[in-house]
Every structure is written in structure tokens, then in C-alpha cells.
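Please consult the sequence and the structure shown here alongside the text.

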Amino acid sequence: MSAKTKKEKQTRERKETEIYRKFESYQAWLDEQLIPERTKRNIDFCEGRQWAAATDRTERMPRPVFNVYSYLLDTKLGNILGSPMHVNYISDTTRDISNKFTRISEFVRKEAKEDHYDYLTAKNALLVGTAFKYYYFNEDAIGKKGQYKGGLRIENIDLLDIAFSDPTDDDIQNQKWII
């Protein structure tokens, strides 16, 4: 292995170690705030697991579950998603061009299945308290007609799988890094 390749490998390993340390530090902050426990409790409650584990004294007792929270969650989701999001381009001078941009925007939304990801994001936000959606350009994606290579794709990110440089700052633009 050449000296240059060895140095590049060491530099890459240092950067990877630094990124991992930042992620671990953020995870420690989440643990201090009891976020993993609260997230699990919220999900368990919504899915009907409100009761503690059965003991010898309580194993024969009925454990009724009337899940009002799940009903409220579904109702709230319906209210949020009842007005679908869309982008409407408006131009003071040329209406034709703005209409074309609006149609292109709608096509890209449908191809990326944004309505599906909107549902997942809203449900996760209501259930856990926050949600993250990541938009990216995938060069390997092929459109519906197969004429063009590449396309917009969306991914939902779990609360416990993302890290911010300053978790107390609400403005995403102020973050020095996001892992």
C-alpha cells in the first residue's frame, strides 16, 4: 500500500470515528431526555399494550383494552391529510409556463409517492411527537415510462436514527451537521 493511500485511509477512519462519536453523543442526550422510553411507551399505548406484564397474582384477571387513543389518532390523521398538499406555480406574465411547472410538480409528487410518505410522516409525528422526511435524488431510479434515468425519492427517518448538532435549536438551517 502506498504512503498516499495509507494516509487517505487513516484520514477517512478519523472522520468516521469523529462522526460516530458525534452520533453517540447525541444518542446519550436522547437517553438523558428519556426519549427512547417515551417513544416506546407512546407506541405501546397506541397499539393497545397499556397493561404491565402479568404476575402470578394477576395472570387470570381480565385485561380489557378500549383504545380511544387509536381512534383519536386516526381522526386527527384524517383531518391533517384531508387537504392534500400541492405546489401551485403562479406567474404574473406567462400563465402557460406556470401551468407546466405546476403539472411537472404534481407528476413528481405522484411518482415519488409523496402522499404515502405524508401519511407515514403525519402518523409518526402524532404517535411519537416528531417526524423527519428526507428528499433525495436517486440516480438509479427510473420513471414510470422508463425514458429518463433518475428521480426524486423520499425516505422517512426514525427519531432514534437521526442526530443534530444542537437538538435544542428548532431551526434546521442553524444545524452545523445532521447525521
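## Crossing of H3 and H5

In this predicted model, helix H3 passes helix H5 in a right-handed crossing. H3 covers residues 68–81 and H5 covers residues 114–128. Their axes come within 10 Å and cross at roughly 135°. An angle over 145 degrees would count as roughly antiparallel, and 65 to 115 as roughly perpendicular; H3 and H5 are therefore oblique to each other.

## Residues at the contact

On the H3 side, the contact is made by Tyr-69, Leu-73, Lys-76, Leu-77, Ile-80 and Leu-81. Their counterparts in H5 are Asp-118, Tyr-119, Ala-122, Lys-123, Leu-126 and Leu-127. Sorted by class, the contact of H3 with H5 comprises 9 nonpolar and 3 charged residues, with no polar ones.

## Loop residues with positive phi

Most residues other than glycine have a negative phi. Leu-34, which is not a glycine, has a positive phi near 60°. Leu-34 is located in the loop between helix H1 (3–32) and helix H2 (35–46). Is Leu-34 buried, partly exposed or exposed? Its relative accessibility is 42%, so Leu-34 counts as partly exposed, the class between the limits of 20% and 50%.

Lys-113, also a residue other than glycine, has a positive phi of about 60°. Lys-113 sits in the loop between helix H4 (95–111) and H5. With a relative accessible area of 54%, Lys-113 is exposed, because the exposed class begins over 50%.

Methods
Residues are numbered from 1 along each chain as its sequence is written. This is a predicted model: local features need pLDDT of at least 70, side-chain atom pairs count only at pLDDT 80 or more; totals for chains, interfaces and linings use all residues. Side-chain values use heavy atoms; hydrogens and water are left out. Axes are lines fitted to C-alpha atoms, for helices over the stretch in contact, and angles run from 0 to 180 degrees between N-to-C directions. Helices (H or I, at least four residues) and strands (E, at least two) are DSSP runs, numbered from the N terminus. Angles under 35 degrees count as roughly parallel, over 145 as roughly antiparallel, 65 to 115 as roughly perpendicular and the rest as oblique. A crossing is left-handed if the near helix is turned anticlockwise from the far one by less than a right angle, and right-handed if clockwise. Contact means heavy atoms within 4.5 Å. Ala, Val, Leu, Ile, Met, Phe, Trp, Tyr, Cys and Pro count as nonpolar, Asp, Glu, Lys and Arg as charged, and the others, Gly among them, as polar. Buried means under 20% relative accessible area, exposed over 50%, partly exposed in between (1.4 Å probe, protein chains only).
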